[in-house]
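Below is a short report on a two-chain model.

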Amino acid sequence: MGAQGHAHDMDRRRFLGYVLAAPVLTAAARLGADLAAPEQAAAAVPSLPGPAEILNLNDMLTVAALPTAGLIGVQLHPDGTASFALPRAEVGQGITTSSAMLIAEELDLPLDRIRVTLADARPELLFNQLTGGSNTTISTYLPIRVAAATARGRLLAAAAAAFGEPVTALTTRLGVVTSAAGRTATYAELAVAAASRTTLQVAVELKPARDFAVIGTPRNRIDARAAVTGRKQYAMDLQVPGALPAMICRPPTINGTVRSVANLAAVRAMPGITDVAVVSTGVAVRGRTFGQCIDAVRALQVAWGPGTAEGASDATVREELRRAELPLVVPPLPILTKAVDVRFTFPFAGNSALETNCAIADVRADRAEVWGSLKSPIVAQEQIALRLGLPVSAVQVHVVDGGGSFGRKLFSDAALEAAEVSKAMGKPVKLMWHRADDVRQGRTHPMSTSRVRATHSLGQVLSYEQRHTSVATDFGHGLGEVITATAAQLPVGGLAFSETIFVLTQETPYNFGVVTQLLSEVDKGFNTGSMRNIYSPNVRCAQELVVDRIAADMGKDPYRFRRDFLKDARARAVLDKAAELGQWGRAMPAGTAQGIALHPEYHSVAAVLVEIDCRPQTTGRTIPNAVTGPRVTKAVCAVDVGLAVNPRGLEAQMMGGIMDGIALALTSSLHLKDGAFLEASWDNYFYTRQWNTPAELEVFVMPPTTGEPGGAGELAVASAMAAVACAYRRATGTMPTTFPINHDAPLAFEPKPTVPPVPASPTDGLDRAY
Amino acid sequence: MPQHTFRLNGEEVTVDIEDDVRLLWVLRDVLGVTGPKYGCGIGVCQACTSHINGKAFNPCSVRVADLGPDDEVTTIEGLPATVGRELHPMQEAWLEHDVAQCGYCQPGQIMAAVAKVRQARAAGHEIGDADLDEIRNICRCGTYFRIREAIRAAATRF
C-alpha cells in the first residue's frame with residue numbers, strides 16, 4: 001500500500017452521513033471502517049506472512065462491526081456547543097479527548113465547545129460498543145468525522161438559505177459561518193434552522209489531511225481540569241438516591257462458596273449496617289458508610305466451601321503448563337547449525353486498576369438501573385437481565401468514567417454482583433470491592449510459559465518456534481464473540497477459540513525462516529482476563545530476549561541485528577529513532593546497560609530503548625513496604641501509529657505502557673499458594689512506583705506514515721518489558737527466564753490473613769502525616 | 001450517636017457518626033466530599049491523600065474521633081482557597097503538563113506534591129529526585145514522569 005496515495009484516495013471519497021429528525025441539528029454516521037491492505041515484507045530468508053500480518057485483531061473488530069453498525073450522532077445546541085455520546089468506555093486512554101478533536105476538526109468548532117459523554121448501553125450497536133484491543137480510534141476515526149462533517153454541511157446550507165448566498169460563498173471557522181459578502185452567523189444561531197424534520201441521507205466529503213488544523217496537533221485532555229480539581233466523577237462518586245455502600249465478605253480461596261453464616265443477626269445489628277444477605281459470591285453487607293461495611297465484613301463468621309483452584313500453587317500450575325506444552329517440530333537442518341532453546345515463565349499478574357471493581361445498582365421488581373465503568377456494557381446489560389429475570393429493555397446500563405482498566409473492565413463482575421445484591425436486599429446499593437478482594441478474587445493475567453527454540457547458521461536464522469502455554473484466558477466479555485464470529489473466513493481453520501485469538505494477535509517482526517507460534521491452554525479454575533494486551537508482553541519479551549541471544553551467538557550488536565532482520569520499514573524507522581535518541585552503544589559503567597526492543601501491533605509499531613542500573617548501591621536501596629532492585633534510569637520510545645490524532649495523548653499512553661513494562665519485568669506478580677493469592681494490596685503487589693521510575697523519559701511520535709490512526713493503548717507494554725529484560729541480561733550477563741525477575745526470590749512481604757478477608761482499617765494516619 | 005466537629009475546607013462541620021469511622025468515609029459517604037479516593041483503605045496507595053493542618057495524611061487511616069474542633073482538613077476541593085486562587089499552582093502545573101490519565105489518583109497526587117514541596121522547603125532545599133522518589137502515591141496509569149515534571153515546575157510558584 002502506498003501510504004500517501006491511499007490517504008489521498010480516502011480524502012476524495014464521499015461518505016454517507018445522516019441528518020436525523022430532531023428539534024436541533026443532529027447529524028450522524030454509521031460506525032464501521034475500511035480494512036487496511038496487508039503490508040508486503042522483503043526478507044533475507046523469507047518468512048511467509050503470519051495470519052496476524054494479514055488480518056490482525058483490529059481488523060477483526062472492524063470487520064465484525066460493519067454489518068451491524070448503528071448510528072452515532074453529533075448534536076449542535078442553541079448555546080453553540082456540540083455534544084457526542086461516545087459508545088466506548090473512557091478509562092484513562094484519552095478517547096473522549098481524541099474524539100472531541102475529530103469533531104472539532106470537521107465541524108470547525110473550538111475544542112472547548114465540544115462535550116463528549118459516554119453512551120449508555122445500546123444493544124442495537126451489537127459488536128460496536130466494546131472498548132478493547134486498542135481499537136477505539138481505529139474504528140471510530142471515520143464515522144465520527146463523517147457525522148461532524150454532515151453537521152457542518154447542514155449549517156452551511158442553513159446559512160446559505162438565511163443569507164441568500166450560495167454555499168460555495170461560505171466558510172466556517174471557530175463556530176461561525178462567514179459569507180463572501182461579509183455576513184456572519186454563529187452555529188448557535190443556526191442550530192435550530194439547520195435541524196431536519198425528517199431523517200435524511202447526505203453524501204459528504206471529509207477535510208483532506210493537508211488541511212488538518214486539529215488532528216495531529218498536541219492537545220491536553222478535555223477532562224483534565226475536572227480531574228485536578230476532584231470534580232471528575234467515577235461510579236462511587238455518584239449520588240444515587242438510596243444507594244448506600246455495600247461490600248462482600250469473600251472466601252479465603254479462589255471462588256470458594258458460602259456454606260453457612262453463624263452470626264447474620266449480630267452483624268445486621270452492627271453500627272450503621274442496614275442489610276446482610278448471602279449471595280453467590282459471598283455474604284453482602286450494606287450500611288451507611290464503607291468503613292462500617294468493612295467492619296461488618298470482618299465480623300462475619302462464615303463457613304466456606306472449596307473454591308475452583310483448591311490446593312493449586314505456582315509450582316503445581318507450572319507443572320501443568322509443562323505437561324500441556326505443544327511439541328516443537330525441528331525442521332531438517334544443515335550441519336553447523338546452532339540452536340537456542342529456552343523456556344520462560346510468566347507468573348500470574350494483577351490487572352487491578354486503582355479504582356477497584358465497583359458499580360451502583362437499583363433493582364426493582366420490573367426494571368433495573370446500573371452505573372459503572374463498563375467496556376462491554378451490552379454484555380453487562382444482557383447478563384444482568386438474565387440474572388434478574390427481566391427483559392433486556394428493562395435494564396438500563398450507564399457507562400461512567402473509569403479509574404483505569406488495563407483489561408479488568410472488559411468484564412462486568414461488580415455490576416452483576418451489585419444487581420444481585422440490590423435484588424436480594426430490595427434496595428439500591430453502591431457496591432465496591434475492597435482492595436484485598438480486587439487482588440485476591442479479582443481477575444488476573446493468567447500464568448504462562450513460553451518455550452522458544454530457534455536455529456541459525458552462517459549468519460541466518462533458519463527457524464523460530466514458540467510454544468506458548470497458558471492458564472486459560474477468559475474471553476467471556478464479548479471480545480471473543482467478535483473474533484469467532486468472523487474467524488471462519490480466515491486461514492486459521494481448525495484452531496480452537498483462544499488459539500484463534502493468539503494467531504490473530506501474535507506476529508514475529510523478523511525474517512526468521514520457518515516460524516511457528518502456537519498456544520495451548522490449561523485449567524479454567526481461575527478468574528482471568530487480558531492485561532493491557534492479551535499475550536503480547538510475554539510472547540514478545542521471550543522473543544526479544546532470544547533475539548539478543550542469537551545476536552550474541554553471531555557476534556552481532558543487538559540493534560544492528562534487529563535492523564538487519566526486520567521485515568518492515570516502519571519498524572526499522574522507529575528502531576533507528578529510538579537508537580539515535582537513546583544514544584545506543586554509548587559507553588556505560590559495569591553493572592549498567594542499555595536494552596532495545598520493538599513491538600508491532602494494531603497497525604502501529606513502537607521501539608523502546610532503556611538503560612538499567614543493576615549495581616549493588618542501586619539494587620540494595622531499602623524502602624519500607626517496597627521493592628527496589630534494579631532501576632531503569634532512562635527510557636526512550638519512538639512510536640509510529642500511522643497517524644497520531646493527539647500526539648500528546650499518545651505520548652501519555654507510551655509513558656504508561658513503559659511503566660507497565662518495567663513492572664512486569666522487574667517487580668510485579670502474584671504468588672499462588674494453596675488455592676489463594678498471597679498478595680492483598682499495593683504494599684505487596686509491587687506495581688511501578690516513583691522509586692522505580694526512570695528520571696529520564698522521552699517519547700518521540702513519528703510523523704504520519706499510513707495517514708490512518710492505528711492502535712496505541714497497549715502498544716508500548718511489550719516493547720518496554722522486552723527492552724528492560726534485554727538490558728538486565730546485558731547488565732548482569734544472566735538471561736532472566738522468570739518474570740518479574742524477583743518472583744522466585746523470598747517474599748518481600750508478610751502475607752495478610754485470608755480470614756477475615758480484608759485487613760483492619762488503620763488508626764495511625766495522624767502519626768504518618770508529613 | 002456521637003457528634004464530631006472539625007474544620008473542612010475552611011468551614012466548621014459537625015457530623016453524627018460513631019467514633020471509629022475513618023475520616024475518609026465521613027468525607028465521602030456522609031459529607032459527599034468525593035475528591036479523596038479509595039484505593040486500598042490501609043494507608044498504602046495514598047489515593048485519599050488530603051491535608052490536616054497543612055500536612056499530607058491519609059483520611060482512610062484516621063478515626064473521626066481523633067480530630068478536634070480546631071483541626072483543619074483540606075481536601076482537593078479546598079486546595080485552591082488555601083492560596084486564594086481559582087487553582088493552586090500545583091493544579092496549574094498539572095494542567096500544563098497534562099498529567100492526568102484516568103485521573104483517579106490525581107487529587108491525592110496533587111495534595112501529596114504540595115506537601116512534599118513544603119517539606120523540602122522546610123528542610124532548606126529545593127525539591128529534587130531524592131524527594132520525588134519518596135512519594136508513595138500509586139498511579140496505575142503510570143503518569144509518574146509527568147508528575148515529576150509538574151512538581152518541579154510548580155515548586156517555585158507557591
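A residue is buried if 20 or more other C-beta atoms lie within 10 Å of its own, exposed if 12 or fewer, and partly exposed in between, with C-beta atoms placed from the backbone. Helices (H or I, at least four residues) and strands (E, at least two) are DSSP runs, numbered from the N terminus. The model is predicted: local features need pLDDT of at least 70, side-chain atom pairs count only at pLDDT 80 or more, and totals for chains, interfaces and linings use all residues. Residues are numbered from 1 along each chain as its sequence is written, while chains are lettered from A and ligands numbered from 1 in the order in which they are written.

**A covered helix in chain B**

Helix H1 of chain B runs over residues 23-30, and seven of its eight residues are buried. Those are Leu23(B), Leu24(B), Trp25(B), Val26(B), Leu27(B), Arg28(B) and Asp29(B). What do the buried residues of H1(B) pack against? Their partners are strand E10 (244-249) and H9 of chain A, together with strand E2 (11-16) of chain B. Contact here puts the C-beta atoms of two residues, placed from the backbone, within 7 Å. Just after H1(B), Gly32(B) has a positive phi of about 70 degrees.

**The side of chain A that touches chain B**

In all, 60 residues of chain A are in contact with 60 residues of chain B. Three helices of chain A, H7, H9 and H20, each supply at least two residues of that side. The largest share, six residues, comes from H20(A). By type, the side of chain A divides into 25 nonpolar, 21 polar and 14 charged residues. Ala, Val, Leu, Ile, Met, Phe, Trp, Tyr, Cys and Pro count as nonpolar, Asp, Glu, Lys and Arg as charged, and the others, Gly among them, as polar.

| Helix of chain A | Residues |
|---|---|
| H7(A) | 224-229 |
| H9(A) | 290-299 |
| H20(A) | 647-666 |

**Chain A overall**

Chain A holds 21 helices and 30 strands. Of its 770 residues, 59% are buried. The C-alpha trace spans about 80 × 75 × 55 Å along its principal axes. Among contacts with a separation of 6 or more, 81% join residues 24 or more positions apart.

An unreviewed UniProt entry annotates residues 229-308 of chain A as "domain: Aldehyde oxidase/xanthine dehydrogenase a/b hammerhead". Over this stretch the chain is 20% helix and 35% strand, with the end C-alpha atoms 44 Å apart.

**A four-stranded sheet**

One open sheet of chain A has the order E25-E26-E27-E30, with mixed pairing. Strands pair if DSSP finds at least two bridges between them. The edge strands are E25 (592-601) and E30 (696-701) of chain A, each pairing on one side only. E27(A), residues 631-640, pairs with E30(A) in the parallel sense over six bridges. Lys634(A) stands opposite Glu696(A) in E30(A).

Helix H21 (715-732) of chain A packs on the sheet, touching E25, E26 (604-613) and E27 of chain A. The direction of H21(A) makes about 150 degrees with that of E25(A). Axes are lines fitted to C-alpha atoms, for helices over the stretch in contact, and angles run from 0 to 180 degrees between N-to-C directions.

**A loop residue**

Ala119(A) is in the loop between strand E5 (114-118) and helix H5 (136-163) of chain A. It counts as partly exposed because it has 17 C-beta neighbours inside 10 Å. Not counting residues up to four places away in sequence, Ala119(A) touches Ala85(A), Leu86(A), Pro87(A) and Val399(A). The C-alpha atoms of Ala119(A) and Phe84(A) are separated by 8.6 Å, with the two residues 35 apart along the chain.

Conventions: UniProt positions are given in the numbering used here, feature names are shortened, and annotations may be inferred rather than shown by experiment.
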